[in-house]
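Some labels in a structure rest on cut-offs. Let us set the values against them.

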Amino acid sequence: MKLVPLGDRIVLKQLEAEETTKSGIVLPGQSKEKPQQAEVIAVGPGGMVDGKEVKMEVKVGDQVIYSKYAGTEVKLDDDQEYIIVKQSDVLAIIE
């Protein structure tokens, strides 16, 4: 199954949280809260959304920070979890 976002929507795959101890040992996925950092998997076409022209600013492969309570979580057949958000919920692109 493939997700194809519509309008100004973006499909994100959340990056795994890694916590590093003081001695430098990495504890993957042990953080108490999910990070708001994700990789862009798919981008909608933009265009006219609610009567306004929307130009898509992100592209597939970008790493972004998105709003904490934004989006809809979706789980596909391959047990991968994705988040679908509007472009306005993306706060920054990580370069």
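Q: What makes two strands a pair?
A: Two strands pair if DSSP finds at least two bridges between them. Strands themselves are DSSP runs of E, at least two residues long, numbered from the N terminus. This is a predicted model, where local features need pLDDT of at least 70, side-chain atom pairs count only at pLDDT 80 or more, and totals for chains, interfaces and linings use all residues. Residues are numbered from 1 along each chain, and side-chain values use heavy atoms, without hydrogens and water.

Q: How do you know that β1 and β9 pair?
A: Four bridges join β1 (residues 9-14) to β9 (residues 81-86). At least two are needed, so the strands pair. They run antiparallel. R9 stands opposite K86 in β9.

Q: What is the strand order of the open sheet?
A: The six strands run β8-β9-β1-β4-β7-β10, with antiparallel pairing.

Q: Why is one side of β8 and of β10 left without a neighbour in the sheet?
A: β8 (72-75) and β10 (90-94) stand at the edges, and each has a single partner strand.

Q: Why is Q14 called buried?
A: Buried means under 20% relative accessible area (1.4 Å probe, protein chains only); exposed means over 50%, and partly exposed lies in between. Q14, in strand β1, has 19% relative accessibility, so Q14 counts as buried.

Q: Why is K55 called exposed?
A: Its relative accessible area is 61%, so K55 is exposed. K55 lies in the loop between β6 (52-54) and β7 (63-66). The C-alpha atoms of K55 and D8 are separated by 8.1 Å, 47 residues apart along the chain.
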